[in-house]
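Please consult the sequence and the three-dimensional view shown here while reading the sections below.

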Amino acid sequence: MRRTEAPGDRVTREALQSGMMRYLLPWAALPVLLCAADSSVDHVTITGSDLKQMQARLASVGIASVYGGAHSNHATEMALVSFPDGSYLELMGIPPNAEAEAVARHVWAKFLKENAGPCAWAMREKNLAAEVRRLKAAGVAVSAPVESGRTRPDGVRLEWETSDVGGETRGRFFPFLIQDRTPREQRAFPQGKPVTKEFRGVTRVVIAVRNLDDAIQRYRQAYGVPRPIKQVDKSLQAHLALMGDLPVVLAQPLNAGSWLAERIERYGEGPCAFVLAAANPGHFHAAAKTRWFGAEISWFDEEKLGWRLGFEAAR
């Protein structure tokens with residue numbers, strides 16, 4: 001028997017939601033969550049026109065990267081910072097010998113040419129075909145898997161399959177999906193180990209959205225997560241929503257004149273910042289700090305870096 005929810009009940013429910021979510025979900029949603037539980041952050045992509053400059057800027061805040069090689073598209077090359085959990089930051093730039101037509105055709109051409117910074121993100125899948133079927137069954141648009149790859153500077157060939165989710169530009173609102181055809185360790189750990197152990201992995205992907213409630217509904221449809229916890233961050237100038245156990249924070253601009261609103265106007269909805277899990281947050285300089293959902297979030301110097309990257313204590 002269902003009773004009417006009182007205002008006090010709502011507060012209690014939201015406060016306990018993250019710890020009790022699996023008990024509050026309808027049984028009908030369990031198959032969706034069990035399949036989605038096989039997914040985890042594969043990598044997040046930061047775009048720019050000059051890869052070496054991007055690497056130098058990241059090094060200026062204390063994070064080293066390694067060159068990963070050119071993609072097979074004749075348009076881009078990449079460097080990465082991989083973490084012990086297998087996720088990594090991908091810095092993607094345009095190599096000097098890139099084919100102009102190939103660059104113009106690239107799905108992220110605007111982001112690359114305009115040094116947009118945070119651009120996209122990917123979830124790694126143990127069974128890509130099964131996740132594609134699950135999303136389609138949930139009524140979410142998803143493309144058939146497509147093969148791709150690149151060759152590392154040491155000659156090792158890497159191959160994978162990807163699928164795009166949601167109908168928007170790849171990896172923008174929803175993550176794109178990826179499954180390796182060659183050993184994943186060769187892609188994530190080109191040196192045979194994580195590039196750094198100062199950070200455990202990528203913990204939060206911040207997605208800039210026009211309408212928070214609409215975005216929440218789309219994520220709930222795709223991943224079966226419960227109603228989110230919300231808060232306002234005046235320093236980020238955003239209404240925020242934490243999407244259950246997903247590594248996703250949705251961010252709607254507080255006002256039309258904010259940097260977030262301007263970014264959405266220029267690039268559309270998509271990643272605007274990433275947050276890492278720091279093994280020892282005190283090792284790094286925080287240019288600014290805030291609190292999200294009870295956790296302290298520190299931000300690297302945006303002026304030095306050229307984009308927004310945060311860190312929090314590893315849990």
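Two elements are said to be in contact when heavy atoms of each lie within 4.5 Å. The model described here is predicted.

Helix H9 spans residues 259-267, and its buried residues are Trp259, Leu260, Ala261, Arg263, Ile264 and Tyr267. After H9 comes Gly268, which has a positive phi near 85°.

## The open sheet

An open sheet of mixed pairing is built from eight strands, in the order E2-E3-E4-E1-E5-E8-E7-E6. Strand E2 (66-70) and strand E6 (146-151) each have a single partner strand, so they stand at the edges and one side of each has no neighbour in the sheet. From one strand to the next, the twist averages 30°.

Strands of a sheet are paired by backbone hydrogen bonds, in either a parallel or an antiparallel manner. E2 and strand E3 (residues 77-82) are antiparallel and share four bridges. Ala70 has Glu77 of E3 as its bridge partner. Helix H3 (residues 51-60) lies across E2, E3, strand E1 (40-47) and strand E4 (88-93), and runs at about 145° to E4.

## Salt bridges

The structure contains 18 salt bridges. One of them joins the side chains of Arg187 and Asp180, with an N to O distance of 2.7 Å. Arg187 is buried, because its relative accessible area is 2%, under the 20% cut-off.

The side chains of Asp213 and Lys230 also form a salt bridge, at 3.0 Å from N to O. Asp213 belongs to helix H8 (residues 212-223) and Lys230 to strand E10 (residues 229-233), so this pair ties together parts 17 residues apart in sequence. Asp213 is partly exposed at 48% relative accessible area, and Lys230 is partly exposed at 47%.

A further salt bridge links Lys289 with Glu296, whose closest N and O atoms are 3.8 Å apart. Lys289 counts as exposed at 53% relative accessibility, while Glu296 counts as partly exposed at 39%. Through shared partners, salt bridges join Asp42, Asp180, Arg184 and Arg187 into one network.

Asn280 is located in the loop between strand E13 (270-278) and strand E14 (288-292). With a relative accessible area of 34%, Asn280 is partly exposed. Its C-alpha atom is separated by 7.9 Å from that of Ala314, a residue 34 positions away along the chain.

Methods: Residues are numbered from 1 along each chain as its sequence is written. This is a predicted model: local features need pLDDT of at least 70, side-chain atom pairs count only at pLDDT 80 or more; totals for chains, interfaces and linings use all residues. Side-chain values use heavy atoms; hydrogens and water are left out. Two strands pair if DSSP finds at least two bridges between them. Helices (H or I, at least four residues) and strands (E, at least two) are DSSP runs, numbered from the N terminus. Axes are lines fitted to C-alpha atoms, for helices over the stretch in contact, and angles run from 0 to 180 degrees between N-to-C directions. Buried means under 20% relative accessible area, exposed over 50%, partly exposed in between (1.4 Å probe, protein chains only). A salt bridge is a side-chain nitrogen of Lys or Arg within 4 Å of a carboxyl oxygen of Asp or Glu.
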